[in-house]
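The following exercises are to be worked with the sequence and the structure in view. Each task is followed by its solution.

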Amino acid sequence: MNIYYSDIHKKHDFRSNSNDEKELELYYEVPDRIDSILDALEDENWSNITAPDDFGLEPIKKIHTVEYLDYLKSAYYDWMDQSEKTGVAYIPYKPGFNKSDLPYDDIPDQDGFFMTDMNVEVNESTYLAAITSANSALSTATSLLNGEKSAFGLCRPPGHHSGASICGGFCFLNNAAIAANWLNVHGKVAILDIDYHAGNGTQSIFYDRNDILTISLHADPSWEYPRYAGYAQETGNGKGKGFHRNFPLPPQTDEALYLHHLSEAIELIHAFSPDFLIVSAGFDTFEDDPLGTFQITRNGFQNIGQEICSMRLPTGIVLEGGYQIEKLGRNVVAFLEPFATQVL
Ligand code: SP5
Ligand code: ZN
């Protein structure tokens with residue numbers, strides 16, 4: 001299986017900012033997550049790991065607005081200029097939903113326009129890390145065009161909470177959406193989001209479209225992040241009606257209940273009959289995940305991988321969340337195993 005990865009993400013790291021335990025809550029999304037996965041891949045001798053190609057900004061601009069990309073690119077520097085501060089990161093403090101038509105001119109007021117929450121700190125490497133993460137997803141998609149049955153993008157930062165002009169929940173660019181849209185020129189694409197949290201960014205990006213089916217299984221947003229999207233009644237808009245589906249699940253969801261709803265999602269994907277599948281693969285459904293409540297075991301991830309693999313679609317797997325660092329790598333390997341060993 002082709003695996004795409006770049007170590008540029010390592011500089012997108014905020015742990016040194018604080019020793020305050022409450023603030024450290026912001027730092028679940030850390031570089032060590034990737035080390036855990038690389039170690040587990042190495043244990044399996046899955047050494048086919050290469051750096052992503054550079055696809056330029058064009059495929060990213062098809063999903064994200066230029067205003068938002070400019071903001072991301074300059075947020076850290078604008079803040080340092082404006083505040084005449086020295087520091088390692090820009091820590092946002094005015095997130096929210098700014099409903100005005102145009103963003104304010106200056107950071108931090110712009111955050112109200114471009115952010116849903118505060119879990120999106122920015123330092124001088126964040127923009128490049130996000131672009132490179134998107135490139136890993138695009139390389140994963142390109143593998144499928146080259147005839148691979150599956151490929152894995154070891155993406156960091158993650159992407160599924162990011163919308164056309166919004167970041168949130170550790171996500172800056174929507175890697176899965178960028179990859180799916182890129183593939184869409186060559187055939188029909190479905191996105192299946194199995195992260196613990198609703199894929200609200202992906203939902204919003206494709207909400208009006210009928211050419212890409214988006215499905216998300218996740219903790220019910222009535223009590224879990226992101227709260228403002230991911231409800232069962234949200235099924236798309238206009239010609240996109242019926243081309244988005246949410247499966248909000250209860251706290252403590254275990255493998256049996258999860259697989260039950262996954263099989264419904266798989267039926268919907270079959271009915272759509274896509275040529276390609278992109279999986280937003282989050283591992284925060286794990287029983288020991290510090291951000292989740294679900295009860296999926298390592299073996300459960302293998303069974304979930306098997307069910308998705310059984311669709312026999314060319315499948316690009318893109319990393320999203322997963323915060324139990326020590327066991328994350330083994331869980332990822334368990335999920336990938338059915339794909340890696342599948343017989344054509
Ligand atoms: C990609 C992804 O998985 N993003 C997740 C963003 C979730 N942000 C929620 C932060 C709330 C933290 N509260 C944690 C309490 C755990 N003990
Ligand atoms: Zn998540």
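Strands (E, at least two residues) and helices (H or I, at least four) are DSSP runs numbered from the N terminus, and two strands pair if DSSP finds at least two bridges between them. The model is predicted: local features need pLDDT of at least 70, and side-chain atom pairs count only at pLDDT 80 or more. Residues are numbered from 1 along each chain as its sequence is written.

**Exercise 1.** Determine the order of the strands in the open sheet.

Solution. Step one: the 8 strands follow the order β2-β1-β3-β8-β7-β4-β5-β6, with parallel pairing. Step two: β2 (49–50) and β6 (244–249) are the edge strands, each pairing on one side only. Step three: within the sheet, β7 (residues 276–281) pairs with β8 (residues 315–319) over 5 bridges, and L277 stands opposite T315 in β8.

**Exercise 2.** Describe the packing of helix α6 (residues 126–145) and α7.

Solution. Step one: two packed helices are described by the angle between their axes and the distance between the axes. Step two: axes are lines fitted to C-alpha atoms, for helices over the stretch in contact (heavy atoms within 4.5 Å), and angles run from 0 to 180 degrees between N-to-C directions. Step three: α6 and α7 pack at about 35°, their axes 8 Å apart. Step four: the contact includes A130 and L138 of α6 and I178 and W182 of α7.

**Exercise 3.** Which residues does F335 contact, leaving aside neighbours within four places in sequence?

Solution. F335 is in contact with I194, V279, A281, F283, F301, Q302, I304, G305, I308 and I317.

Conventions:
Chains lettered and ligands numbered in written order. Heavy atoms only, no water.
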